[in-house]
Amino acid sequence: MNCSTLLSLTLMLVQLSPCSPSTQNCSTQKTDQSLIAVRRMKRGWVWEPLFATEEQTSVVPLYIGQVKSDLDKQDGNLKYSLTGEGAGNIFFIDENNGKIYVKQKLDREKKAFYTLRAQAINRSTQLPVEPESEFIIKVRDVNDHEPQFLDGPYMVSVSEMSPEGTSVTQVTATDGDDPSYGNSARLLYSLIQGQPYFSVEPKTGVIRMASQMDRETKDQHLVIIQAKDMVGQAGAFSATATVTINLSDVNDNPPKFQQQLYYMTVSEDAPVGTTMGKVFAEDSDIGENAAMDYFIEGDSSDVFDIITSNETQEGIIILKKRVDYESKRTYSIKAKAVNRYIDDRFLKEGPFEDNTIVRINVEDVDEPPVFTLDNYVMEISEGAMNGSLVGIVTARDPDNDDCPIRYSIVHGIHLKRLFSINEYNGTIITTKPLDREKASWHNITVTATETRNPEKISEASVYIQVLDVNDHAPRFPIDYETFVCENAVSDQLIQIISAVDQDDSPEGHHFYFSLAQEATNDSHFTVKDNQDNTATIFTAKSGFRREEQFSFYLPILILDNGIPPQTSTNTLTITVCDCDTEVNTLYCRYKAFLYSMGLSTEALVAVLACILILLVFILAIITIRQQRKKSLFSEKMEEFRENIVRYDDEGGGEEDTEAFDISALRTHTVMRTHKPRKKVTTEIHSLYRQSLQVGPDSAIFRQFISEKLEEANTDPSAPPYDSLQTYAFEGTGSSGGSLSSLSSNMSDADQSYDYLTDWGPHFKNLAGMYTSHKSMGD
């Protein structure tokens, strides 16, 4: 083999073991193996077949092939080396002869090929004699994996009554072996459970219907599928998957009534919408396939109606129109149930509906009177005389005995003052004139009562419209404030006026404006009707003098378009103002106020000044009085304070609170009797004497304190409990003296406490203390 031939040399990986029919086909092996291209080289390599098979169980290391340079003379002068994926730890090369070995088991599913590089080096020169050659070792597959159903278990649904051959679902198993080599990954599907209703395609795993099935018989089937590799040959691995197949419902069953005849009753006084009963048709289907609608056929559909309950699938028969026992006592209606959704595939099975008969008996009752109308609408002109006819209401007794009826008006006492009704014939009349401007509609309720059975009462609403009469004259909508300047010129616009009318004109109001007859000959102003329900006031001359005439009163005649027309004279007050080049409305109002009061500007200023001086004077007086009070009673109040405590009740403590009559003390006729001061303790007298030495000694203050004490003692409205009054003076050494009310010339020995014995057992101890003290003093 020369070098030119070796430039395009390829390496073929073959199986180590010889070909045998039981394992693999040799021709298939050569077709499926990969061809590994070697890079172009200047010199050539001599290759022996290189191959590796996964999961080798023979002795390790295992020879898999050889690389050799055509320059190798087999004299040991060349050395071979191996680099690349797995070199050294998985693959190694004999450096003397180029033989390659694998020294551990391989797993194709983890790594399917390895890329290596071979090098031939001269031992003497340590230089390569051939270019580095790259080659690939492919790991050949063996059947070491079982099939797996990764998506199982399966749950699918298929319509019942589906034709034979209908695809249900497809199951797929996977195999980790190499699908491109041998039969290790070639699977074959088979049905273990599910016959005779289902079948499976061996190569694709598609499950199909083998026959028609009825959901109403059995709605769920369990199918088991097996997948084998090696095309199902002996020794192959297998796996199974469970497929739950639910049969979905189709509308293949018609509704069916449970009864062919139903009996129901209804009272003749039952209101519209009354439920009389229910009918029910069964359907073996479920969901929307069992949904149905109920109908009533024939002439009875105008008296009765049937509605479908979507929850219970029942037909509810209700009253559509009031029934009358005297007119018809029995009804026989035909009810029909029809499937709401029809499947055209099963129309040949027959109509998807069913019929039944419902017999309804009407029960007789004593019915209340019936008005000819539920609501009456009547009209009457406003201002009609008392006793004017408004309208007539009529009612009848629907029963055969035709009981007499009496009428009355209810719901509102005030309405009876406006209207009355003849209790025998239902004639409504007015009792006083009506005013549309106060109320344009009146709503009353009329009752009809059976004379022999007053409990049977019916009501009817009567709406009375009060028709308008042109009885109100037009007028100004507001009180206009109109001004004219002294320097106004002729034909100057000073005001735009309008009008309102309380009447209701069907064609719309239209007002006409003009000067009153008494002002047409001598008027300083003119009125122009704008023909749009407004009018414009103009000056009729130039120049006005408010000294001569401060105000003008302009009578304006307003006419409406009613029948008959109404007129009114409205007076427009025009005030003359002192203006500059432009009218100042606020200034005009201010001037008008002054002139109306008869005051000039100078007089008004003088009045305001007097008022201001008076206010200042009053404030000064109030301030001075407040200062005096503060100096008399507030100065140094914390230094000394004398407390006067008076006990003057008859109470016996908490036990006597309920027996005490406070109202007796609050009457003006009961006055407390002033009694001399009771004997006090030595400490209080000492304090009193000290206050005499340092307190004020003015007779005015002593008199003031005495008057206050007397006033408190004799006050009939004072509450029956202890009270505390505090008095202050200017302080120690004040020339005013003491304000104490204790400054009495009466000594303890001069006071008598005998009255304490009259106060009862509750004050026994107190009386004993003071009487004994007096005895000791004596």
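How many bridges join β31 to strand β32? In this predicted model, the two strands run antiparallel and are joined by 3 bridges. Strand β32 covers residues 427-430, and one of the contacts can be followed residue by residue: F419 has T430 of β32 as its bridge partner.

This pairing belongs to a wider arrangement. An open sheet is built from 3 strands, which follow one another in the order β28-β32-β31 with antiparallel pairing. The edges are taken by β28 (389-392) and β31 (419-421); each has a single partner strand, so one side of each is left without a neighbour in the sheet. From one strand to the next, the twist averages 20 degrees. As a reminder, strands of a sheet pair through backbone hydrogen bonds, in either a parallel or an antiparallel manner.

Attention now turns to the aromatic side chains. Across the whole structure, a search finds 12 aromatic pairs. One of them is formed by Y63 and Y101, in an edge-to-face arrangement with 5.6 Å centre to centre and 65 degrees between the planes. Because Y63 lies in strand β5 (residues 62-69) and Y101 in strand β8 (residues 99-102), the pair ties together parts that are 38 residues apart in sequence. Y63 itself is partly exposed, its relative accessible area being 27%. Y63 and Y101 also take part in a cluster, in which ring pairs link them with F92.

A further edge-to-face pair is that of F91 and Y114, with 5.2 Å centre to centre and 70 degrees between the planes. Here too the partners come from separate strands: F91 lies in β7 (residues 91-93) and Y114 in β9 (residues 113-122), so parts 23 residues apart in sequence are tied together by the pair.

Methods: Residues are numbered from 1 along each chain as its sequence is written. This is a predicted model: local features need pLDDT of at least 70, side-chain atom pairs count only at pLDDT 80 or more; totals for chains, interfaces and linings use all residues. Side-chain values use heavy atoms; hydrogens and water are left out. Rings of Phe, Tyr and Trp (its six-membered ring) pair if their centres lie within 6.5 Å; planes under 30 degrees apart count as stacked, over 60 as edge-to-face and the rest as tilted. Helices (H or I, at least four residues) and strands (E, at least two) are DSSP runs, numbered from the N terminus. Buried means under 20% relative accessible area, exposed over 50%, partly exposed in between (1.4 Å probe, protein chains only). Two strands pair if DSSP finds at least two bridges between them. Axes are lines fitted to C-alpha atoms, for helices over the stretch in contact, and angles run from 0 to 180 degrees between N-to-C directions.
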